[in-house]
Structure formats: structure tokens, C-alpha cells
Amino acid sequence: MARLLIVEDEVALASALARGLREESYSVDVCHDGEEGLWAALGKEIELVILDLQLPRLPGLELCRRLRQAGRKVPVLMLTARDTTADVVAGLDAGAHDYLKKPFAFDELLARIRALLRLHTPACGAELEFGDLRLNLAARRVFRAGTELSLTVKELQILECLALHAGQVVSRDRLAETAWERDCLPDSNVIEVYIRNLRRKLGAARIRTLRGAGYMLAEQV
């Protein structure tokens, strides 16, 4: 389940979009000004940002620029009532991946979201490499320094989530949503048990704990 961030100052529109996207099984966060949106995009495990161009406190273009300056590659879909060539070019130059003019059909928004998520999600046959770790996502196999590791299904799902967000902090809630159904999410102690098991198999220093924030996969051990 992809986690989306809507940054839109029109409260009614933002609420309608969030409601519709949640009905499509997306996890959705909502912010109503640029500064709040920037902090959310930098501090959470967001997989796509739906960004209005005209925002209070921090304009959408500047928000997008700061995301890129911070090294965040999250796809950005820009929403705006302005659609001149200059506006489109400015948005793309600031780091946006796509541009949708208001008013728009909800089905078109969904199609663009699916396309962006496909482009920025590893293909089912892809492999992830991080230091001496190699994850084959299709075969669901994990190797460390060329030696295959024996992981349980939950351990593998948690490790995949950490690897897909390598270099970023992943919250306990996000890890839980990755490996369990929403109606039977475990408490934090269960997550810690799986993290402890992964550390035993990967090396104790391989998964770092950031107190109060979550966990991060570390390249150096």
C-alpha cells in the first residue's frame, strides 16, 4: 500500500482527494501549507507527493526545489490552475515529475499516480544491492557477501521495506503495515522481535535504531 502526501490549501478539495484515494487503498497524509508539507515530505516515508502550486507560507515550486536539494527523489505530481508552457517548464525544472491542470477528472489523477508509482518502484524481477547485501525481489531470496540467508516471510518483508528506503528512517508503523494486514497490526514489541532476529542474521550494527523515529538500514557494519 503506497503512502501519498497531499499538499493542498483548498481544504474541501484536499479532503475529497484524500477520501477518494483512501477508498482506492492508498495511505494518505494531508497538509494545507507549504512549510508543513515540506516537513512531512522530509520526515515521513512518502512514496508520492501531490503538490499544489499556489500554497501559503511556502510556494509549491520552492517546496519541490527544497525536496530535491535535500536529496529526496520521491515523485511529485503538481496540481495547478495555471497551464502555460512557462508554468509547466518551471514545475518540471523544479523537480516535479508530472503536471495536472485543475479542474481534473479523478480517474485521470489515479492513472497518473499509478504511472508514477510504477516508474519509481523496482520491477518485480529487480534486485536490490546495499553494501554486501543483495535482495532478489522476484525470487524472494537474500544474500550477504554471496551467502544466502534463511529468513522468515515477515523478516523478508521487513528487510525489503528497509532496503527499498535505504538511507531513510522507516517507522515501526510503516514496517507493520508492510508485513501485516491493517486490521491485525502488531504492537511495537513484535516489530522489535523481528528487528532483533534480522540483526542476528545480518549483523548487529546493520539495522540502526533512531529512538522515537524508527529504523534505518546501514551500509557499513
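Between which two elements is the loop that holds Arg-72 found? Arg-72 is in the loop between helix 3 (60-69) and strand 4 (76-80). The structure is a predicted model, in which local features need pLDDT of at least 70, side-chain atom pairs count only at pLDDT 80 or more, and totals for chains, interfaces and linings use all residues. Residues are numbered from 1 along each chain as its sequence is written, and side-chain values use heavy atoms, with hydrogens and water left out.

View 1. Helices (H or I, at least four residues) and strands (E, at least two) are DSSP runs, numbered from the N terminus. Arg-72 has a relative accessibility of 11% and therefore counts as buried (under 20% relative accessible area; exposed is over 50% and partly exposed in between, with a 1.4 Å probe and protein chains only). A polar atom of the Arg-72 side chain lies 3.2 Å from the backbone oxygen of Leu-42. Apart from neighbours within four places in sequence, Arg-72 is in contact (heavy atoms within 4.5 Å) with Ala-41, Leu-42, Lys-44, Ile-46, Leu-67 and Gln-168.

**View 2. Packing of helix 2 (residues 34-43) with helix 3.** Two packed helices are described by the angle between their axes and the distance between the axes. Axes are lines fitted to C-alpha atoms, for helices over the stretch in contact, and angles run from 0 to 180 degrees between N-to-C directions. For helix 2 and helix 3 the angle is about 25 degrees, with the axes 10 Å apart. The two helices, helix 2 and helix 3, are therefore roughly parallel to each other (angles under 35 degrees; over 145 is roughly antiparallel, 65 to 115 roughly perpendicular and the rest oblique). The contact is made by Gly-34, Gly-37, Leu-38, Ala-41 and Leu-42 of helix 2 and by Leu-63, Arg-66 and Leu-67 of helix 3. By class, this contact of helix 2 with helix 3 has five nonpolar, two polar and one charged residues; Ala, Val, Leu, Ile, Met, Phe, Trp, Tyr, Cys and Pro count as nonpolar, Asp, Glu, Lys and Arg as charged, and the others, Gly among them, as polar.

**View 3. Packing of helix 1 (residues 11-23) with helix 5 (residues 106-119).** The axes of helix 1 and helix 5 are 12 Å apart, at an angle of about 60 degrees. Helix 1 is therefore oblique to helix 5. Leu-17, Gly-20 and Leu-21 of helix 1 meet Phe-106, Leu-109, Leu-110 and Ile-113 of helix 5 in this contact. Its residues comprise six nonpolar, one polar and no charged. Leu-110, in helix 5, counts as buried at 6% relative accessibility. Not counting residues up to four places away in sequence, Leu-110 touches Leu-21, Glu-24 and Tyr-26. Val-11, in helix 1, counts as partly exposed at 47% relative accessibility.

**View 4. Packing of helix 6 (residues 153-164) with helix 7 (residues 172-179).** The axes of helix 6 and helix 7 come within 9 Å and cross at roughly 130 degrees. Helix 6 and helix 7 are therefore oblique to each other. Helix 6 contributes Lys-154, Gln-157, Ile-158, Cys-161 and Leu-162 to the contact, and helix 7 contributes Arg-174, Leu-175, Thr-178 and Ala-179. The contact of helix 6 with helix 7 has five nonpolar, two polar and two charged residues.

How values were computed: Polar contact = N/O pair within 3.5 Å; in protein donor to acceptor, adjacent residues only side chain to side chain.
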